[in-house]
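Please look over the model shown here with me.

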Amino acid sequence: MRRRAGLAGDAQKAETKDEFVQVRRRDLERLTTEVMQLRDFLPKIINGDILGTFQKLDAIESNMEKKEEEIEQLKMDCEHFRARLETAQADCMREKKEKLDLRQQLNEAKQQLLQQAEYCTEMGAAVCTLLWGVSSNEEAVKTILGGSKAVKFFTITAQTMESFVKSLSEDMKQQDLDSDENQFVLALAGIVTNVAALACGREFLVSSSRELLDTMMQLLGDMKPGLCTKFKVLMLMSLYNVSINLKGLKYISESPGFIPLLWWLLNVKKIALLGCMEKWMHGIQRDYVSDFSHL
């Protein structure tokens with residue numbers, strides 16, 4: 001027991017010994033003097049300017065932190081806008097490709113439409129030329145007028161004639177008589193002339209196809225001198241044949257400006273037109289027309 005107690009006393013002395021440091025008096029006095037001097041001189045050194053500088057430094061550091069946060073936010077925004085730009089560029093490229101595809105399809109459709117128009121014109125010229133020849137037969141004309149599409153045919157005829165005249169250039173003095181367009185419209189006018197040569201045909205045109213009569217009278221006034229003389233002759237012959245019908249004569253004579261138009265056409269002094277109108281004025285009926293080789 002004594003031995004254990006001795007060991008405990010030695011340990012306590014060792015701990016007490018560790019808590020103190022031996023310093024010489026002279027060193028302690030020197031340290032005390034330096035502390036006193038610092039206490040006297042420190043307020044003089046750390047004045048208001050230095051404190052203000054430190055405050056400005058703190059403000060600058062705070063501002064720098066805010067700027068860094070703003071820069072980080074700008075970087076994030078930049079990345080966001082860059083992603084949007086890449087998306088927009090991708091959409092633009094896709095739309096550009098779609099437009100190119102659509103333009104190619106449009107060109108192909110235009111080409112197909114042009115081919116179809118040429119085919120329809122060629123087919124129309126061929127069919128109407130054949131029908132022109134057939135319409136010189138009275139029974140064939142009666143069969144045509146008895147069909148359900150007769151009114152529609154003459155309505156399309158009026159529209160075709162009007163479109164043809166609108167397509168003519170003002171300086172176009174000579175027509176290509178062999179072109180499908182020219183043959184098409186001449187054949188239509190010839191069919192109307194042959195139909196109007198019959199009493200039943202005149203009655204049909206006056207009763208059911210006045211739009212065609214109005215169109216022909218309008219076109220005769222719109223067309224420039226020297227253009228499509230044969231076409232004008234056919235329209236005049238058709239109107240003359242219609243005028244043989246009393247209702248047709250009344251309708252044509254009541255058309256505003258048509259009589260002055262006839263005199264104007266007479267003054268043009270075109271041989272073919274003069275021949276047709278002179279027959280009209282003298283009351284000579286032209287039965288059928290299927291050939292223009294004599295004009």
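This is a predicted model: local features need pLDDT of at least 70, side-chain atom pairs count only at pLDDT 80 or more; totals for chains, interfaces and linings use all residues.

Me: How many aromatic pairs does a search of the whole structure find?
Reply: A pair of aromatic rings is described by the distance of the centres and the angle of the planes. When the whole structure is searched, the number of aromatic pairs found is three.

Me: Which kind of aromatic pair do F153 and F154 form?
Reply: The ring centres of F153 and F154 are 5.3 Å apart, and their planes make an angle of 75°. Because planes over 60 degrees apart count as edge-to-face, the pair of F153 and F154 is edge-to-face.

Me: Is F154 buried or exposed?
Reply: The cut-off for a buried residue is under 20% relative accessible area. F153, at 23%, counts as partly exposed, whereas F154 has a relative accessibility of 1% and therefore counts as buried.

Me: Which helix holds F204, the partner of F154 in a tilted pair?
Reply: F154 and F204 lie 5.7 Å apart from centre to centre, with 50° between the planes. This pair links distant parts of the chain, 50 residues apart, with F154 in helix α5 (residues 150-166). F204, which is buried with a relative accessible area of 14%, is in helix α7 (residues 199-208).

Key: Residues are numbered from 1 along each chain as its sequence is written. Side-chain values use heavy atoms; hydrogens and water are left out. Rings of Phe, Tyr and Trp (its six-membered ring) pair if their centres lie within 6.5 Å; planes under 30 degrees apart count as stacked, over 60 as edge-to-face and the rest as tilted. Buried means under 20% relative accessible area, exposed over 50%, partly exposed in between (1.4 Å probe, protein chains only). Helices (H or I, at least four residues) and strands (E, at least two) are DSSP runs, numbered from the N terminus.
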